[in-house]
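Visitor: Please take a close look at one part of this model, the sheet and the helix packing around it. I would like a single connected account.

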Amino acid sequence: MNGELHLVEAAPDTPLLYVLRNDLGLNGPKFGCGLGQCGACAAIVGGKLTRTCSIALRDVGEDKVITLEGLGTAQKPHPLQKSFIDEQAAQCGYCSNGMIMAAKALLDRNPVPSEEDIRGALEDQLCRCGVQNRVVRAVRRAAAERAK
């Protein structure tokens, strides 16, 4: 979990989201729909963007899990986190976890994405506040920073 090994006592069918929030105190992933549809609970599991509300703890096994907290800190934010701040790409902030994690997964596999690539990677992340254009700008900014 975010570069550290954690042993938790939980039933194997417990959703990973519950373990992250309740057992490990990680509040980046949010409970949104509980159906794996909105993306608020997203994390990177085994190198893939994953909806943690719909994956059981037993299915994680020994895969590496990266949450929003594993990207950066308040003192030293990850380039994506910094670009979201700089572009004011959060309104209510509920979708920010999923947006940032989806963008991280995209940039990990495609460091120089087109706007179409970015929009495609974010299309399944639900945001009701209407900040999608600012989110796209933030991802483009982070990609440009990485390319320097």
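Guide: Two strands count as paired if DSSP finds at least two bridges between them. In this predicted model, strand β1 (residues 42–45) and β3 are joined by two bridges and run antiparallel. Within β3, I66 is the residue that I44 stands opposite. The sheet as a whole is open and has three strands, ordered β2-β1-β3, with antiparallel pairing. At its edges stand β2 (48–51) and β3 (65–66); each has a single partner strand, so one side of each is left without a neighbour in the sheet. Helix α4 packs on this sheet and touches β1, β2 and β3, its direction making about 30 degrees with that of β1.

Helix α4 also has a helical partner. A packed pair of helices is described by the angle between the axes and the distance between them. For α4 (residues 96–109) and α5 (residues 115–122), the axes come within 9 Å and cross at roughly 135 degrees. Angles over 145 degrees would count as roughly antiparallel and 65 to 115 as roughly perpendicular, the rest between these being oblique; α4 is therefore oblique to α5. The crossing of α4 past α5 is right-handed. On the α4 side, the contact is made by M99, A102, A103, L106 and R109, and on the α5 side by D117, I118, A121 and L122. By class, the residues of this contact between α4 and α5 comprise seven nonpolar and two charged, with no polar ones.

Note on methods. Residues are numbered from 1 along each chain as its sequence is written. This is a predicted model: local features need pLDDT of at least 70, side-chain atom pairs count only at pLDDT 80 or more; totals for chains, interfaces and linings use all residues. Side-chain values use heavy atoms; hydrogens and water are left out. Axes are lines fitted to C-alpha atoms, for helices over the stretch in contact, and angles run from 0 to 180 degrees between N-to-C directions. Helices (H or I, at least four residues) and strands (E, at least two) are DSSP runs, numbered from the N terminus. Angles under 35 degrees count as roughly parallel, over 145 as roughly antiparallel, 65 to 115 as roughly perpendicular and the rest as oblique. A crossing is left-handed if the near helix is turned anticlockwise from the far one by less than a right angle, and right-handed if clockwise. Contact means heavy atoms within 4.5 Å. Ala, Val, Leu, Ile, Met, Phe, Trp, Tyr, Cys and Pro count as nonpolar, Asp, Glu, Lys and Arg as charged, and the others, Gly among them, as polar.
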